[in-house]
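Visitor: I am new to this structure and would like a close look at one part of it. Could you take me slowly through the salt bridges and the residues that form them?

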Amino acid sequence: MDGPSALERYLESCSGQFKDDFSTSPHLFTPMSPYDVELPSRTAEDVFGSQFNQPEELHPDFSSVDLSFLPDVTQDNKERGLCEDRHEMPKERGVSVQRNEDSGVFTDESSFSNPDATQPSPETPGVSPHLSPMTPVTPVSSASESSGIVPQLQNIVSTVNLACKLDLKNIALHARNAEYNPKRFAAVIMRIREPRTTALIFSSGKMVCTGAKSEEQSRLAARKYARVVQKLGFPAKFLDFKIQNMVGSCDVRFPIRLEGLVLTHQQFSSYEPELFPGLIYRMVKPRIVLLIFVSGKVVLTGAKDRSEIYEAFENIYPILKGFQKPS
Amino acid sequence: MAYQLYRNTTLGNSLQESLDELIQVCGCVGSAQESLDELIQSQQITPQLALQVLLQFDKAINSALAQRVRNRVNFRGSLNTYRFCDNVWTFVLNDVEFREVTELVKVDKVKIVACDGKNTGSNTAE
């Protein structure tokens, strides 16, 4: 899934450079099958070639370039491709490497948007891109490494429907670790120690579970709360469990020039240091909000799925690298 | 109306038992008594009077604790369970150390029932 989408993005950006239809911002990539894309004026290889100052070659020699992190169309090929070019493939590295091609896309856009614009038109009109499994279609400059950083999930918010009306006072009186103050809030606030979570249980039978560090833990915790309610005598069920929000955080390990970032990414950023010390970056695709701090710490929130967090971080990492504070 | 919280204390329970003894036959005419040898006391006080005594006890103990108690005790332990309902907190702590300047008391388990200190809100919480 990451492969085609990264490819799509890259290919869109290529066509965008000539049509000026698409900006180089991360969000304007419509999902298309890679095989449907026909580049108007240049193939991926040409771009790749020009990327590496090999303009003469229509079919550049890739052997000298480290292509192991480039995505393949299929998962199998991805694994094989990654394994071939690297001696070792620790899984985490592979995953982060695979995600890097997204970041690679963005670093490349700016790099070849001007100098290479004039080249390719005459060369290969109407040749559809080679999309054989091992073909590197997403050129990444060898200078940009994979971020190698995996955001850690810090909080998961989920909801579930117990599908029966509940007597909150009864629950508060008989359950352990429960608070019920109807004047202040119309729900019972219950906590369990394992997984360490808090639940808001409403009289309608709906419940919100917060504080878990993984999707499975959130589900397990919600089930435990449902069992507590069930043991108190209510006919509780476990309907429509859904994760509503996921929060992750990580550290890029270098200080960031937030002022620079807000100047260039005005449409997405809001930075009011007198109000809040972090820059609020609202990424459009995936729809994630990132809090970026001068120290290099990044908080990502608004995800419904873990992959959105990872994708958003891989998208932002090269941008942040571009705004590293020189020290 | 003062909190009836303190009726379930050593002092409050002793008072309640004594009052029960004084009411006895009067309140429960014709019904079997648990301790028949207490038939000595009969009709010394009415149940209504006993209730008034308890209400007065509530007022007295609340004002005494508020006005006449000056010492301070610190305690520390691990929280086992908590509950908050009807504006009453109930805690169960384990391995608690009650520390006063003079002495130290260690307990395995302590149950704490706490009501709001402002005493403007609910009153009949126990």
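Guide: A residue is called buried when its relative accessible area is under 20%, exposed when that area is over 50%, and partly exposed in between. With that in mind, and remembering that this is a predicted model, we can begin with A:Glu179, which is buried because its relative accessible area is 16%. A:Glu179 forms a salt bridge with A:Arg191, and the closest N and O atoms of the pair are 2.6 Å apart. A:Glu179 belongs to strand E2 (residues 178-180) of chain A, while A:Arg191 belongs to strand E3 (residues 187-192) of chain A, so the pair ties together parts that lie 12 residues apart in sequence.

Elsewhere in chain A, A:Asp251 forms a salt bridge with A:Arg253, where the closest N and O atoms are 3.8 Å apart, and A:Arg253 counts as exposed, with 70% relative accessibility.

In chain B, B:Glu97 forms a salt bridge with B:Arg99, with the closest N and O atoms 2.7 Å apart. Here B:Glu97 is partly exposed at 23% relative accessibility, and B:Arg99 is also partly exposed, with a relative accessible area of 44%.

Conventions
Residues are numbered from 1 along each chain as its sequence is written. Chains are lettered from A and ligands numbered from 1 in the order in which they are written. This is a predicted model: local features need pLDDT of at least 70, side-chain atom pairs count only at pLDDT 80 or more; totals for chains, interfaces and linings use all residues. Side-chain values use heavy atoms; hydrogens and water are left out. A salt bridge is a side-chain nitrogen of Lys or Arg within 4 Å of a carboxyl oxygen of Asp or Glu. Helices (H or I, at least four residues) and strands (E, at least two) are DSSP runs, numbered from the N terminus. Buried means under 20% relative accessible area, exposed over 50%, partly exposed in between (1.4 Å probe, protein chains only).
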